[in-house]
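Me: Could you walk me through this model one feature at a time? I'd like the general idea behind each feature and then the case at hand.

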Amino acid sequence: MKHSTVIPLIPLPTSRGDIGAPLSGARFKRRFHVMAKPTGSACNLDCTYCFYLHKEQLLEQRRGRFMNEATLETFIRQYIEAQDGDSIVFSWQGGEPTLMGLDFFRKVVELQQKYKSATQRIENNLQTNGTALDDEWCTFLKQHDWLVGLSVDGPRELHDVYRVSRSGKPTFDNVMRGVECIHRHGVQFNALTVVNRINARRPIDVYRFLTRELGATYLQFNPCVEPTSFRQTAPQFWDEAAIPVTGTDRAKPGAEGSVVTDWSVDPDDWGYFLSRTFDEWYREDLGRVLVNLFETAVAQTMGLPSQLCITAPFCGKGLAMEHDGRVYSCDHYVYPEYELSDIFTHPLNEIAFSERQKAFGFAKKETLPKYCRECSHLNLCWGECPKNRIVRAPDGEAGLNYLCPGIRRFHAHAGPRIRQIARSIQPAPRPPSVPSNLP
């Protein structure tokens, strides 16, 4: 989910919150972000590639048990108390958060006003599949200036491949009804697209649909990478003996004994998707449309901090909180092995800056294989998300990112133009801001 105060890329926005800084040092103290999941893993859809639906069994969640008012109030109070900036960003995700109903979010607004100071500004964003959005929802979202992150994977034939209902039916029409309501009420929104094995091969169709038909001006492209064991095995707890070398058949989807699920994006297709999309964006929409990965590449080329956790040298500043108040190191690390505590045992501020979470954040840089440390694109990538480091480097060292071939291809292709953009922009002074961590 994008922070709601982003401005167009020309002029380039300054960093929105020290997302690449470690969880230590006075300057960065008390700067962290929490993705709250009031419904847990519950969802009205059954997307094939969803990495969260299985949490119901993994975390022994009881079906139908959502966040109660006591947990909600404790979270809001602690989160506001823990922040030292003027702007405080709340992110509501899932599962599907709209299953909570509007009364829950009316209570959210009420409690935020109760606990914020006179000088603090509250911002909210809601990540949703869009199928429940109607006039009542959009009236509320517009009234309180909430930002909507809309999950959509491209035109109908691409969206409906994996994004299906509980009964296996396509969802595209329901999502588009939600989009119509968003536009009718003037609700601000971003498009979040999971780039998978299928839509990665049609980058221009996806990009033009999102920008021309959907009317989105901020795009998040999230690569779908899931090890075959993701339902049972936490990241970094893989069987090391089974880790394949990058570029081999087992390091690609669809092969016998592949390390990833069939719906995961092929690394080479990821590079193709980003390169073709970048060319279209540069030629047609530079300064009008923001793309998360392109925006941060320009910022990092200018020497500014990464605007995304995945391309920063450190992580750990974006925690996830389940419906019952249990807190985990990251949205993609919601496994028993990465449970930090709960907000009733320890306050959020202590959890976020615990030694265990600091070690989690520093490990991203400290565990890079030699192949990464010697790469010319290191300062733009930093090994990407650690949860994707499921293959071996060409020299056999474990810990290489599965997407590495595609990431290298993209930066080699787009690098000259990214540097050209960077040279044309004079960065403004960096104002204090709140971090925005994007899953």
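**Reading the features**

Reply: Let's start with a charge and a ring: the charged end of K37 sits over the ring of Y52, 4.1 Å from its centre. Keep in mind that this is a predicted model, in which local features need pLDDT of at least 70, side-chain atom pairs count only at pLDDT 80 or more, and totals for chains, interfaces and linings use all residues. Residues are numbered from 1 along each chain as its sequence is written, and side-chain values use heavy atoms, with hydrogens and water left out.

Me: What counts as a charge over a ring, and which residue lies over the face of Y335?

Reply: The rule asks for NZ of Lys or CZ of Arg within 6 Å of the ring centre and within 35 degrees of the ring normal. K55 is the one over the face of Y335, at 3.6 Å from the ring centre.

Me: How do I read a pair of aromatic rings?

Reply: You describe such a pair by the distance of the centres and the angle of the planes. Here, rings of Phe, Tyr and Trp (its six-membered ring) pair if their centres lie within 6.5 Å; planes under 30 degrees apart are stacked, over 60 edge-to-face, and the rest tilted. That rule gives 29 aromatic pairs. Take F278 and W281: the ring centres are 5.4 Å apart and the planes at 50°, so this pair is tilted. F278 and W281 are 3 residues apart in helix 8 (residues 267-284), about one helical turn. By helix I mean a DSSP run of H or I with at least four residues, by strand a run of E with at least two, both numbered from the N terminus.

Me: What are the distance and the angle for F278 and Y282?

Reply: Their ring centres are 6.1 Å apart and their planes at 20°, so that pair is stacked. F278 and Y282 are 4 residues apart in helix 8, again about one helical turn. For accessibility, buried means under 20% relative accessible area, exposed over 50%, and partly exposed in between (1.4 Å probe, protein chains only). F278 is buried at 0%, while Y282 is partly exposed at 22%. There's also an aromatic cluster whose members include F32, F75, Y79, F90, W92 and F353.

Me: Which residues touch the most other members of the largest nonpolar core?

Reply: The general idea is that in soluble globular proteins, nonpolar side chains tend to be buried together. A nonpolar core is a set of buried Ala, Val, Leu, Ile, Met, Phe, Trp, Tyr and Cys residues joined through side-chain atoms within 4.5 Å. The largest one has 103 residues, and F75, W92, F105, L214, F221 and W270 touch the most other members. Helix 14 (residues 404-423) supplies the largest share of this core, 7 residues. Apart from it lies another core of 18 residues, including C47, L53, L192 and A234. Across the protein, buried residues make up 62% of the 439 residues.

Me: How should I look at a helix, say helix 11?

Reply: Begin with its length. The expected span is 1.5 Å times one less than the number of residues. Helix 11 (residues 355-366) has 12 residues and should span 16 Å; its end C-alpha atoms are 16 Å apart, which agrees. Next, find the buried residues, which are Q357, F360, G361 and K364. Seen down the axis, they fall within an arc of 90° and so line one face of helix 11; the arc is that of the directions from the helix axis to the C-beta atoms. The face turned away from the buried side carries the exposed residues E355 and E366. With contact meaning heavy atoms within 4.5 Å, the buried residues of helix 11 pack against strand 8 (318-321), strand 10 (339-342) and helix 10 (348-352).

Me: Where should I check the backbone?

Reply: Look at peptide bonds and phi. A cis peptide bond joins G94 and G95, with omega about 10°. G95 is in the loop between strand 2 (87-92) and helix 3 (102-115). W382, not a glycine, has a positive phi of about 55°, and E384, also a residue other than glycine, has phi near 50°. W382 is in the loop between helix 13 (378-381) and strand 11 (391-392), and E384 is found in the loop between helix 13 and strand 11. W382 is buried at 12% relative accessibility, and E384 is buried at 6%.
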